[in-house]
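Colleague: I would like a close look at a single part of this model, taken slowly and with its surroundings kept in view.

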Amino acid sequence: MEYSILKNGVKIPMIGFGTWIAVKEDSDIVLKAIEAGYRLIDTAAFYDNEEQIGESLQKSSVPREELFLTSKVWKTNLGYDKTIRSFERSLKNLKTDYLDLFLIHWPKNHLDTQDWIQEDQDTWRAMEMLYKAGKIRAIGLSNFYPHHMIPLLENAEIKPMVNQIEFHPGFTQKYVTDYCKENDMIVEAWSPLGRAAVLSDEVICNLAEKYGRTPAQICLRFTYQSGIVSLPKASSKIRMHQNLEIFDFEISNEDMSVIYTLPQTGWSGEHPDRRPLVDLGW
Ligand code: A2P
């Protein structure tokens, strides 16, 4: 496994295991992922799977300190007090006494409330308090665009270390990733395979053939060479292994440009300033 270093010195694996929906289909999937070699497990209060993941962590022989555990506070629980309560619930469900990374899952937006900036800032104060209390090793954001981050960063005592966004060939959100890089934030990619929609793209398939790899490996190597942490989901051990085996080949600069300039493909359609397409409960 390769690692990156967050700005506070914490090591983060370059590939983690995404758990949305997956755990509902197989309650032991996280145990299988750990056995396959994953050390970063990404969950969220909204995924409603923290308890099952907590059980898998207890069954696993890998010590807690070798794992990198992420959870997120849901959009309906933002604000200072609610964030703290949500964090404590996540800890209890996951049966652990600290998180490696805690994120604000989605920013509030102008459709939610006129005071959305204030709510994001109050939430961030709670994150800072929990971080300073030693309950979280790193804090960050998810699905934040620059106009959400600018007011937050201006007022933050501790700057966010991570922003987790949708990122894959065909949806690279350069204006967000550039802002994160300028502000020394590591980007994490959710749906790095574009929910499998990208895997049948002709350009990706041709590159897979050229490099003797699978389309999924091309996507994940592309993300890795972009300096971004990938959080792929996969149901079988074969795919779990395959998605980790990306550190022994290199995509040329020319082919990286080809992937970067693909037309938009596989976008989920979710946007932090719009109503969600799937029922996200807000
Ligand atoms: P499955 O869950 O049946 O293994 P994303 O992480 O971008 O949301 O993509 C997840 C989708 O990609 C799932 O449908 C998953 O299928 C599929 N997938 C994951 N890994 C691979 C792989 N190595 N090859 C093909 N499909 C994959």
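How many bridges join strand E7 to strand E8, and do the two run parallel or antiparallel?

Modeller: Keeping in mind that this is a predicted model, strand E7 (residues 136–142) is joined to strand E8 (residues 162–166) by 2 bridges, and the two strands run parallel. In general terms, the strands of a sheet pair through backbone hydrogen bonds, in either a parallel or an antiparallel manner.

The pair belongs to an open sheet of 8 strands, whose order is E3-E4-E5-E6-E7-E8-E9-E10 and whose pairing is parallel. At the edges of this sheet lie strand E3 (16–18) and strand E10 (229–231), each of which pairs on one side only. On average, and with direction ignored, neighbouring strands of the sheet are turned by 25° against each other. Helix H5 (residues 116–132) packs on the sheet, where it touches strand E5 (68–73), strand E6 (99–104) and E7, and the direction of H5 makes about 165° with that of E7.

For a contact between helices, one may turn to helix H8 (residues 202–211) and helix H9 (residues 215–225), whose axes come within 8 Å and cross at roughly 95°, so that H8 is roughly perpendicular to H9. On the H8 side the contact is made by Ile-204, Cys-205, Leu-207, Ala-208 and Tyr-211, and on the H9 side by Pro-215, Ile-218 and Cys-219; these residues divide into 8 nonpolar, no polar and no charged.

Key:
Residues numbered from 1 in each chain as written. Predicted model: local features only at pLDDT ≥ 70, side-chain atom pairs only at ≥ 80, totals over all residues. Heavy atoms only, no water. Axes fitted to C-alpha atoms, helices over the stretch in contact; angles between N-to-C directions. Helix = DSSP H or I, 4+ residues; strand = E, 2+ residues; numbered from the N terminus. Parallel < 35°, antiparallel > 145°, perpendicular 65-115°, else oblique. Contact = heavy atoms within 4.5 Å. Nonpolar A, V, L, I, M, F, W, Y, C, P; charged D, E, K, R; others polar. Pairing = 2+ DSSP bridges.
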